[in-house]
Amino acid sequence: MPEPISPRDRLIVALDMASTDEAERLIDRIGDAACFYKIGYRLGYAGGLTLAERLVGGGHKVFLDLKLHDIGNTVEEGVQSLAGIGATFLTVHAYPQTMRAAAAGRDKAGTGLKILGVTVLTSYDDADAQEAGYALPVADLVAARAAAAAAIGIDGIVCSAAEAAQVRAVIGPDRLIVTPGIRPAGTAIGDQKRVVTPAEAMRSGVDHIVVGRPVTGAADPRDMARRIVDEMAAAL
Ligand SMILES: O=C(O)c1cc(=O)[nH]c(=O)n1[C@@H]1O[C@H](COP(=O)(O)O)[C@@H](O)[C@H]1O
């Protein structure tokens, strides 16, 4: 069975900010209320990879959310380059060829970096999936991609907590489930469609939740991070 994860380690704050200065100011304000940060497109393309190394050096955990998807050789080599940063997680889109290449890059690098397969984005509902050419309902597509990820040896799955129970049944107890689309009660949903509260996510067997705007846009981000951690702790 996997090691127990503390409620604070379960919260991953998405640093979707325009600059590393802005991100570092937010991390200072949050203080010890969080220790795990996600760097995605916005910050990653604005100096975020250098910040990632600094954060790892300072004892934080980092999730590189770069959602790689390309020909196999490019993905494998990209993963090998990123593995040296010392991040805990890296995302790739959950297409079998892409996941096999990412697993090969991870294994060649041997740094302990874990690969997460992004199944179906939490901003998609069934109509969005249909528009993109998929006949399956989102939940079935998520389960199929999670099964492929597990068979390939991917370390964890990104999906909505709404599908966590179905995904857990497919991937077993040892792989991770990481869920964005988290909205504490009373916070704005924005462009997300498959949203779940922190407590519901814990009750459905999720390992980590990713929270961006509800924390980064809060009047008091430290207080919001603490409330989310407390809500998870009470639900576990
Ligand atoms: O891979 C991700 O992290 C991700 C996958 C997904 O399906 N949905 C999703 O929202 N994300 C990311 O999770 C974060 C959610 O941010 P908020 O909607 O502001 O909480 C963003 O940085 C997204 O890029």
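**Helix packing and pockets**

Helix α7 (residues 138-152) packs against helix α8 (residues 164-171) at an angle of about 30°, and their axes are 9 Å apart. The model is predicted: local features need pLDDT of at least 70, side-chain atom pairs count only at pLDDT 80 or more, and totals for chains, interfaces and linings use all residues. Residues are numbered from 1 along each chain as its sequence is written, and side-chain values use heavy atoms, with hydrogens and water left out.

**α7 and α8**

- α7 and α8 are therefore roughly parallel to each other (angles under 35 degrees count as such, taken from 0 to 180 degrees between N-to-C directions).
- The crossing of α7 past α8 is right-handed (the near helix is turned clockwise from the far one by less than a right angle).
- On the α7 side, Ala139, Asp140, Val142, Ala143, Ala146, Ala147 and Ala150 meet Gln166, Val167, Val170 and Ile171 of α8 (contact means heavy atoms within 4.5 Å).
- This contact of α7 with α8 has nine nonpolar, one polar and one charged residues (Ala, Val, Leu, Ile, Met, Phe, Trp, Tyr, Cys and Pro count as nonpolar, Asp, Glu, Lys and Arg as charged, and the others, Gly among them, as polar).

**α4 and α5**

- Helix α4 (residues 72-82) and helix α5 (residues 96-109) have axes 7 Å apart and pack at an angle of about 35°.
- α4 and α5 also make a right-handed crossing.
- Gly72, Val75, Glu76, Val79 and Gln80 in α4 meet residues of α5 including Gln97, Thr98, Ala101, Arg106 and Lys108.
- The contact of α4 with α5 divides into six nonpolar, five polar and three charged residues.

**Largest pocket**

- The largest pocket holds about 600 Å³ of space (a pocket is an open set of points on a 1 Å grid where a 1.4 Å probe fits, with protein on both sides within 12 Å along at least five of seven lines).
- Of its 29 lining residues, Asp16, Lys38, Asp65, Lys67 and Gln192 are the closest to the centre (lining residues have an atom within 4 Å of a point).
- Two or more lining residues come from each of α3 (41-57), β3 (61-68), β8 (208-211) and α10 (213-216) (helices are DSSP runs of H or I with at least four residues, strands runs of E with at least two).
- β3 gives the most to this lining of the largest pocket, with three residues.
- The lining of the largest pocket has 13 nonpolar, eight polar and eight charged residues.

**Second largest pocket**

- About 220 Å³ of space lies in the second largest pocket.
- It is lined by 15 residues, of which Ile5, Phe89, Lys114, Leu176 and His208 are the closest to its centre.
- Its lining divides into six nonpolar, three polar and six charged residues.

Terms used
Grid points are joined across faces, edges and corners, and a volume is the space filled by probe spheres set on the points. Angles under 35 degrees count as roughly parallel, over 145 as roughly antiparallel, 65 to 115 as roughly perpendicular and the rest as oblique.
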